[in-house]
Structure formats: structure tokens, C-alpha cells
Amino acid sequence: ADGYYEYMIYECVYSTSDYSDMVNLLSYSFNKVVHTQFNSTVGKFVGFTEEGVKYAENFNEDKAYLQRMKAEVDKVCIPNAHNYDSLVRDKT
């Protein structure tokens with residue numbers, strides 16, 4: 001079907017059991033093309049298209065929002081990863 005498709009993907013990515021490498025990723029996409037992404041390791045939004053660069057600049061101007069996004073690793077990612085991992089690891 002013809003039309004437009006806009007979506008956001010929120011991910012917590014890690015590979016160690018102590019979560020020391022935990023990264024919070026928030027990606028904004030339009031018609032399957034990622035145009036803007038926040039990476040907690042980088043600490044800011046990055047634009048990958050002309051429009052995405054504009055969005056990233058606007059997001060990055062809000063320092064309080066950037067601080068909240070960086071804090072999501074400790075507030076959301078690590079607690080959820082701990083809960084999910086304990087469901088698997090405790091059963092083996």
C-alpha cells in the first residue's frame with residue numbers, strides 16, 4: 001500500500017553480564033530510513049539525513065532532555081536487563 005511510515009525504536013544494547021557496556025539507542029525513522037538517532041555513548045542526537053540533522057540540532061539544544069536520555073541507561077535499561085536476564089539465567 002502507498003503511504004508514509006514513521007516510527008521510533010528504543011533499544012538497550014549490551015553484551016556483558018555486568019552491563020558495563022550498556023548503550024541506550026533511540027532511533028527515529030521515516031519510510032525505513034533512520035533520520036535521527038540518540039546514542040548514550042555519544043551523548044547526543046545525530047542526524048543522518050538533511051531533515052535528521054535539523055531534528056538533531058533541535059533535540060541537542062535542550063540540555064535537560066539530553067541529561068534525561070543519558071540517565072535512561074541507569075533508570076530503564078539496566079533494571080530491565082537485570083529483570084529479563086534473571087528470568088533466563090536463574091533457570092539454567
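Two strands are said to pair if DSSP finds at least two bridges between them. Helices (H or I, at least four residues) and strands (E, at least two) are DSSP runs, numbered from the N terminus.

This is a predicted model, in which local features need pLDDT of at least 70 and side-chain atom pairs count only at pLDDT 80 or more, while totals for chains, interfaces and linings use all residues. Residues are numbered from 1 along each chain as its sequence is written, and side-chain values use heavy atoms, with hydrogens and water left out.

**Strands**

| Pair | Bridges | Residues between the strands | Residue with positive phi |
|---|---|---|---|
| β2 and β3 | six | two | N31, near 50° |
| β3 and β4 | four | four | G43, about 85° |

Each of these pairs forms a hairpin. Across the first, L26 stands opposite F38 of β3; across the second, T36 has G47 of β4 as its bridge partner.

**Helix α1**

Helix α1 spans residues 50–61, and its 12 residues reach 17 Å from the first C-alpha to the last, close to the expected 16 Å. That expected span is 1.5 Å times one less than the number of residues. G52, A56 and N60 of α1 are buried. They cover an arc of only 65° around the axis, which puts them on the same side of α1; the arc is that of the directions from the helix axis to the C-beta atoms. The face turned away from this buried side carries the exposed residues E50, N58 and E61. The buried residues pack against β3 (33–39), β4 (44–47) and α2 (63–89), where contact means heavy atoms within 4.5 Å.

**Cores**

A nonpolar core is a set of buried Ala, Val, Leu, Ile, Met, Phe, Trp, Tyr and Cys residues joined through side-chain atoms within 4.5 Å. The largest one has eight residues: L26, Y28, F38, F45, A56, Y65, L66 and M69. Both β2 (23–30) and α2 give two or more residues to this core, and the largest share, three residues, comes from α2. Apart from this core lies another, of five residues, among them Y19, M22, C77 and A81.

**Record**

The unreviewed UniProt entry annotates residues 10–85 as "domain: MHC class II beta chain N-terminal"; such annotations may be inferred rather than shown by experiment. Over residues 10–85 the chain is 46% helix and 30% strand, with the end C-alpha atoms 18 Å apart.

Terms used:
Buried means under 20% relative accessible area, exposed over 50%, partly exposed in between (1.4 Å probe, protein chains only).
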